[in-house]
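Hello,

Here is the structure we talked about. My notes follow below it.

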Amino acid sequence: MTEQAEQDQAPEPAADAGADGDAILAVRDVAKHFGGIHAVDGASFEVRRGSITALIGPNGAGKTTLFNIVTGFQRGDRGEVVYDGTSIFRRPPHVIARRRMVRTFQITKALAAMPVIDNMTLAAPDQPGEKLTGLLFRAPAARRREKEVHERAHELLDVFGLREKADEYAGTLSGGQRKLLELARALMVEPRLVLLDEPMAGVNPSLGRKLLDHMHTLRDRDGVTFLFIEHDMDVVMAHSDEVIVMAQGATIASGPPEEVRNDRAVIDAYLGASVGT
Amino acid sequence: MTPLAVSLDVFGSLDFWIGVGLLAATYGIFTLGLQLNVGYTGVINFGQAGFMAIGAYTMAILVVEAEISFWLALPASIIVAMAAGLIIGLPSLRLRADYFAIVTIAFAEIIRYTAVNARELTGGSQGIGGFDGAFLDLSDLMLEGLDSFGLGDQFLLPLLIVAIVVFGLLTVGMYFLQRSPWGRVLRAIREDEDAARALGKNAFAYKLQSISIAAALGAVAGWFLALNLAFISPTQFDPLFTFLGYAVLILGGLANYFGVILGAIILWTLLEGLRLMDLPLDASQTAALRYVLVGLVLIGLMAFRPQGMLGKRQEMVLGD
């Protein structure tokens, strides 16, 4: 009875979304250089649990490299990344993803030669059938999990309007649909934090709006935190709770959108500061 | 006789088809491993002949030198081959696919040269024999049964039956393994390793498993090769045989285990048919002609049906 009641409410702890303002992700003084180029050079910021946070900055500011370091795809030279109370700095990507932090990529990585439904079911965590020993010794559990996962996948495909595409190859989807699929797939991981690398790039405005709506719904209903890289300032100003600004590898400002918009350093970074001051 | 007369009598003989069947089953099992690596994991393995050699030699040496039971030597040879797969994979599977391919071909050559030079163990280029006593006992038993069908004089028929059963079971087994969540992760790695890792899959561990299972399949193929000839020598593990496996793979189609069966039968019918057909050519010319024809078939296939006979064209086109 009580369990039922709990399930009827938000399945994730949405209550603490933004309530106490604690950080789900803390990046401290992270640096990464490639030869003589300091791609990231002392980036520090926090992402508040339950927020939609935008990461902006001119091209070459190090946003994607920072994403890669946070998600384990590149090893940072120094610094610290704390996610949900534990350090994930220099941990491999699959370990980080299993802690329910998922990312998407700037260039969509839909698994083109796999059906849409397989893209979705693949992402589900805790499938014993993904291990050979699990297949041998836990076959019934694997089958049960597979059924759950298929149901969840179809639900999400419904939400994202991809239901009728379920059995088609992901490669036949349009660019915008692939972005939606990638987000839907990320949600299959049951994430607590989702990092989106330019989710709006190459997406037509109506699909883009859909994507943003999903983001708000997921945050409000499930308490999912979002950190996204975006170049479209209208989107950033209208849809984010907080904005982090990077320039030349370092974070130069952070705060609510209206505050950041008027920040002297930010204006300089975008419009070019006078040299030598 | 006109100089262009070609006799097709050979295709009517049972001996011929038993021979083709044995080769097709042996290299079919061999190619199941390549299918797992190349077709489903996106890992290019050019060293399958090396794993086959490890399987065959381990079995033979354990029986002949260590005097272990043949039936125990079989699983032992699988374990050794799988361990070799791990040893090759551990340092090199993190490399890009093309570098790994180079490592595997070097590995297979190291195994072959070791077989040539470790004479006390392997008999060097003289080869090694006398390991199949236990199997021949079983074979004789089967021949007694076959005698009632008037097939008691087909000496290789029992081996063919065993090979076909094993090939069939392994094909079906691999098919179901591929349909499992485990197989789905492999395909995701084939498509995009980073995407799989971003979704919490340990791509490296899966690639290691893929190469070890392929090594095990190579070892099983090695047994049948050894039993077929009752003898093994290093020339049977030439890199050429890995590439015949690839010919089977391409003929049958990537990412389809049943294509391996079809490809293996067609390739070996062609190769053996041309060898034994009564062509108005001398032996060296026929030998060359075999591979010319296989080449032409492959070129034709690439032009008109690049996905192979049972491969899926969409998967080929969409997979970047």
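This is a predicted model. I start with helix 8 of chain A, where L211(A), M215(A), L218(A) and R219(A) are buried. Viewed down the axis of helix 8 of chain A, these buried residues fall within an arc of 95 degrees, so they line one face of the helix. The general rule behind such a pattern: an α-helix has 3.6 residues a turn, so residues three or four places apart point the same way.

The face of helix 8 of chain A turned away from the buried side carries exposed residues. They are P205(A), S206(A), D213(A), H216(A) and T217(A). The cover over the buried residues of helix 8 of chain A includes strand 3, helix 7 (175-188) and strand 8 of chain A.

The length of helix 8 of chain A checks out too. It runs over residues 205-222, 18 residues in all. At 1.5 Å a residue it should span 26 Å, and its end C-alpha atoms are 25 Å apart, which agrees. After helix 8 of chain A comes G223(A), with a positive phi near 70 degrees.

Now the sheet. Chain A has an open sheet of 6 strands, in the order 6-7-8-3-9-10, with mixed pairing. Strand 6 (101-103) and strand 10 (250-255) of chain A stand at the edges. Each has a single partner strand, so one side of each is left without a neighbour in the sheet. From one strand to the next, the twist averages 15 degrees.

Strand 3 (residues 52-56) and strand 8 (residues 225-229) of chain A pair in the parallel sense, over 4 bridges. In this region A54(A) stands opposite F228(A) of strand 8 of chain A. Helix 11 (residues 264-271) of chain A lies across strand 9 (242-247) and strand 10 of chain A. Helix 11 runs at about 130 degrees to strand 10 of chain A.

Last, the contact between the chains. How many residues does each chain give to it? Chain A gives 29 residues and chain B gives 23 residues. On the side of chain A that touches chain B, the elements that give two or more residues are helix 3 (93-98), strand 6, helix 4 (116-122), helix 5 (132-137) and helix 6 (139-159) of chain A. The largest share, 4 residues, comes from helix 3 of chain A. By type, the residues on this side of chain A divide into 16 nonpolar, 6 polar and 7 charged.

Best wishes

Conventions:
Residues numbered from 1 in each chain as written. Chains lettered and ligands numbered in written order. Predicted model: local features only at pLDDT ≥ 70, side-chain atom pairs only at ≥ 80, totals over all residues. Pairing = 2+ DSSP bridges. Axes fitted to C-alpha atoms, helices over the stretch in contact; angles between N-to-C directions. Contact = placed C-beta atoms within 7 Å. Nonpolar A, V, L, I, M, F, W, Y, C, P; charged D, E, K, R; others polar. Expected span 1.5 Å × (residues − 1). Buried ≥ 20, exposed ≤ 12 C-beta atoms within 10 Å, placed from the backbone. Arc of directions from axis to C-beta.
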